[in-house]
Amino acid sequence: MARIQLENITKKYKEKIAVNNLSLDIQDNEFFVLFGPAGAGKTTTLKVIAGIEFPQEGLIKIGSEIVNLIEPMHRNVSMVFENYALYPHLSVFDNIAFPLRSKLHRKDEDYIKTAIEKVIKTLNMHKVEGIYQRKPSQLSNGQRQRVAIGRCLVREPTVFLMDEPLAHLDAKLRHFMRGELKEMQSAFNTTTIYVTHDFMEAMSLADRIAVMNNGQIEQLGTSEQMYYTPINEFVARLFGEPEINIFPSELVSENGVVSLRALGQNVPLVPGADAQAALKTAGCTQIDVGIRGIDVMFSFDKKDDSSLAGTVFAFEPIGNKVIITVDVAGTHLRIAASNSTTARLDEPVYLKFNMKNALYFNGATQAFITRSGIEQYR
Ligand code: ADP
Ligand code: MG
């Protein structure tokens, strides 16, 4: 177990800056998630911690010791990659035992047996028949990935790094393994940094998340903070399925009431009183409004004049729900509806937004301004 600190790390590959003046302070025993799009610098950050890559600038501390000049094998860091490689000719037992039999560790066979039994139990594989003697070819993809994790855990590393360990699994297995990982987590008992570009994985596993982009951290916080108070539109778009709707609006202040005109409609959008107060003092009139698909109510009948009018542009069942894309004056809004919903293309549809959950961004900078009930997310 150890605290991990990165101080002003910069890692360049020739002219390309992969990690840009990055600082992070990860707590002892924390399950920390690095989340962001491809090319953000996530893998490079892990490699710097593991000692596989050397930064041009900055300090790496593990348990308050500066490790910049310490060889990877002496850092006691374990790393699982997306493309796990088990030795195909070795049994599960021998695969997991491998690091313990290495020159560095040289554990005796009694120790190894006890350690492997413990790991197999942590991985919830102890009920798989003949598990110890199986070869990798006799395992499912999910089981193979668990053995790869086991091989890293068995060393009882101070730091456990996982680079998109589930990325290559199919959606169903990924979902299952996410649940399994969640259960294993408390038994890891080690500081873990987990890299993913899947927001569901990030949200369900993380104690804290760092959203990375262009070698830097956009936002650091809990799953709830990312989802309810994203620091900018970039982060807002990363969390949630379907992607949050963000559209421009014009702030209008009349008789002390603040409302927003948007989507070419005469229907004003009225923020909650607390959000109105914050918008008044924000100093900009171009406001980008963020509304998630679950916060759009819709009806195929026009009930009154307070709805926005649009037409069905696309209809997409995605298993447990359907995504209806509605064209409102040329802007496409995604709505999450129950999977019993049916809709015809081009059919008129009338929308109302749950403004209590709307997010407001500065239209010029895309920076977050406010939302209703913001205090509870601080
Ligand atoms: P991520 O894991 O978030 O997808 P990486 O850390 O792999 O991102 O890469 C960050 C940036 O650094 C990318 O632009 C990538 O192309 C570049 N990069 C990574 N590794 C190398 C390398 N060995 N040589 C040159 N450029 C690299
Ligand atoms: Mg990567």
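This is a predicted model: local features need pLDDT of at least 70, side-chain atom pairs count only at pLDDT 80 or more; totals for chains, interfaces and linings use all residues.

Me: Let's start with the sheet strands. How do E11 and E13 pair?
Reply: Strand E11 (residues 245–254) and E13 pair in the antiparallel sense, over six bridges. Strands (E, at least two residues) and helices (H or I, at least four) are DSSP runs numbered from the N terminus, and two strands pair if DSSP finds at least two bridges between them.

Me: Is E13 mostly covered or open?
Reply: Mostly covered: five of the six residues in E13 (residues 286–291) are buried. Buried takes 20 or more other C-beta atoms within 10 Å of the residue's own, exposed 12 or fewer, and partly exposed is in between, with C-beta atoms placed from the backbone.

Me: Which residues touch the most others in the largest nonpolar core?
Reply: Val33, Ile49, Leu161, Val211 and Tyr360, out of 88 residues in that core. Domain 1 (4–233) and domain 2 (237–377) both give residues to this core, so it lies between them. The domain bounds come from an automatic or database assignment. A nonpolar core is a set of buried Ala, Val, Leu, Ile, Met, Phe, Trp, Tyr and Cys residues joined through C-beta atoms within 7 Å.

Me: What is Tyr360 in contact with?
Reply: Beyond four places in sequence, its contacts (C-beta atoms, placed from the backbone, within 7 Å) include Pro271, Ile287, Val289 and Arg371.

Me: New topic. Where is Thr229?
Reply: Thr229 is in the loop between helix H7 (223–228) and helix H8 (233–238). Thr229 counts as partly exposed because it has 19 C-beta neighbours inside 10 Å. Leaving out residues up to four places away in sequence, Thr229 touches Phe368, Arg371, Ile374 and Tyr377.

Me: And ligand 1, which element gives the largest share of its shell?
Reply: H1, with three residues. Strand E2 (16–26) and helix H1 (42–50) each supply at least two. The residues around ligand 1 (C-beta atom, placed from the backbone, within 6 Å) include Tyr13, Lys16, Lys42 and Thr43.

Notes. Residues are numbered from 1 along each chain as its sequence is written. Chains are lettered from A and ligands numbered from 1 in the order in which they are written. Two residues are in contact if their C-beta atoms, placed from the backbone, lie within 7 Å.
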